Amino acid sequence: MKSYSVPSISAESLGNSLFECISIDASQESKKLLSRESPVVVQMGVVCICLRGSGSIVINEHEYAIGDGTLLTILPNALISSASSSEDFLGYAIAADTKFMMSIQMSDIVRSYVHISTHPVLKINEEQSSRLMEICEILRRYNGDSDHLFASDIARHLLT
């Protein structure tokens, strides 16, 4: 297992986008997480699907294991102190600006927030993973499409 510290993720790293779709491949040198000595406060929401391999991440001083078929959700203002992955780790992540996340309408948002903050890793089956990847692909296509009148609304509803 390779160990990394998580790079700073903030609204500035998104530029003009409301969210960013990111492929995470541990075998690619350019995709590896940068080393840091201190914990990082994530200033946006991040959802990551593990497609292959395994790893671990420390969120708010709790360590969580991730592997094939897991969905990891990191809420804004979470403290990330370290992350590690196997050499064959492959994942896909969506990082969303906090303002954009707050515009998403969810029923019983307080209960959902509390549940996600205490259970950030969710086991999903292959069909659910496939559906989520389809949604990610649609999100990627609409991201930054300023010519489409409803691009932001489409993205907001897909993320919901």
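## One side of helix α4

Helix α4 spans residues 151-159, and its buried residues are A151, A155 and R156. Buried here means under 20% relative accessible area, exposed means over 50%, and partly exposed is in between (1.4 Å probe, protein chains only). These three cover an arc of only 130° around the axis, so they sit on the same side of α4. That arc is taken from the directions from the helix axis to the C-beta atoms. The spacing makes sense, because an α-helix has 3.6 residues a turn and residues three or four places apart point the same way.

This is a predicted model, in which local features need pLDDT of at least 70, side-chain atom pairs count only at pLDDT 80 or more, and totals for chains, interfaces and linings use all residues. Residues are numbered from 1 along each chain as its sequence is written, and side-chain values use heavy atoms, with hydrogens and water left out.

## The overall layout

Stepping back, the protein has four helices and 10 strands. Both kinds of element are DSSP runs numbered from the N terminus: helices are H or I with at least four residues, strands are E with at least two. Read from the N terminus, the order is β-β-β-β-β-β-β-β-β-α-α-β-α-α.

Of the 160 residues in the protein, 39% are buried. Among contacts (heavy atoms within 4.5 Å) between residues at least 6 apart in sequence, 79% join residues at least 24 apart. The protein exposes about 9,600 Å², with carbon and sulfur atoms supplying 54% of it; the areas come from the Shrake-Rupley method with a 1.4 Å probe, and for residues only the protein chains shown count as cover.

## Strand β4 and its partners

Two strands count as paired if DSSP finds at least two bridges between them. Strand β4 (residues 44-52) pairs with strand β9 (residues 90-97) in the antiparallel sense, over eight bridges. Here V46 stands opposite A95 in β9.

Strand β4 also runs antiparallel to strand β7 (residues 70-74), joined by five bridges. In this pairing, C48 has L72 of β7 as its bridge partner.

## Two loop residues with positive phi

E61, in the loop between β5 (54-59) and β6 (62-67), has a phi near 70°. E61 is exposed, with a relative accessible area of 72%.

The other is N77, in the loop between β7 and β8 (79-85). Phi of N77 is also near 70°, and this residue is exposed, with a relative accessible area of 60%.
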